[in-house]
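Work through the exercises below with the coordinates open, and try each task before reading its solution.

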Amino acid sequence: MSATVAMILALAVGTYAFRLVGPALHGRVELPARVQELLAAGAVVLLTALLATGALTEGGGFAGWARPLGVLVGGVLAWRKAPFVVVVLGAAGTAAVLRAFGMA
């Protein structure tokens with residue numbers, strides 16, 4: 001067995017174990033309220049970091065202004081509870097128009 005196959009199998013087993021532990025321990029382990037608050041805050045921080053790196057960088061450098069402004073428009077539309085299709089089309093349309101005018 002090659003090292004690549006072994007690593008893929010190890011990751012598959014680990015992923016399955018994580019998915020199995022949640023339902024198996026539900027009701028048996030009680031997390032304190034403070035830990036639950038910290039986990040919720042940590043999830044928000046991780047998603048914000050993912051959004052920032054995806055919106056602002058490309059190939060190790062700045063992605064240009066069209067993408068972050070498109071993400072900003074999409075975020076505002078989502079915050080205002082616009083339908084999903086409107087959010088996606090608004091973000092993509094903003095980025096496309098800005099790129100058409102040379103704001104790559």
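**Exercise 1: salt bridges**

R34 and E37 sit three residues apart, about one turn of the helix, and both belong to helix α2 (residues 33-56), where helices are DSSP runs of H or I with at least four residues, numbered from the N terminus. The model is a predicted one, in which local features need pLDDT of at least 70 and side-chain atom pairs count only at pLDDT 80 or more, while totals for chains, interfaces and linings use all residues. Residues are numbered from 1 along each chain as its sequence is written, and side-chain values use heavy atoms, with hydrogens and water left out.

Task: state how many salt bridges the structure holds, and describe them.

Solution. Begin with the criterion, a side-chain nitrogen of Lys or Arg within 4 Å of a carboxyl oxygen of Asp or Glu. The structure holds two such salt bridges. One joins the side chains of R34 and E37 at 3.7 Å, N to O; in the other, E58 pairs with R67, and the closest N and O atoms are 2.6 Å apart.

**Exercise 2: accessibility**

Task: classify R34 and R67 as buried, partly exposed or exposed.

Solution. Take the cut-offs for relative accessible area, with buried under 20%, exposed over 50% and partly exposed in between (1.4 Å probe, protein chains only). R34 counts as exposed because its relative accessibility is 54%, whereas R67, at 24%, counts as partly exposed. Applying the cut-offs to A92, which lies in helix α4 (residues 84-100), gives partly exposed, since its relative accessibility is 46%.

Key
Helices (H or I, at least four residues) and strands (E, at least two) are DSSP runs, numbered from the N terminus.
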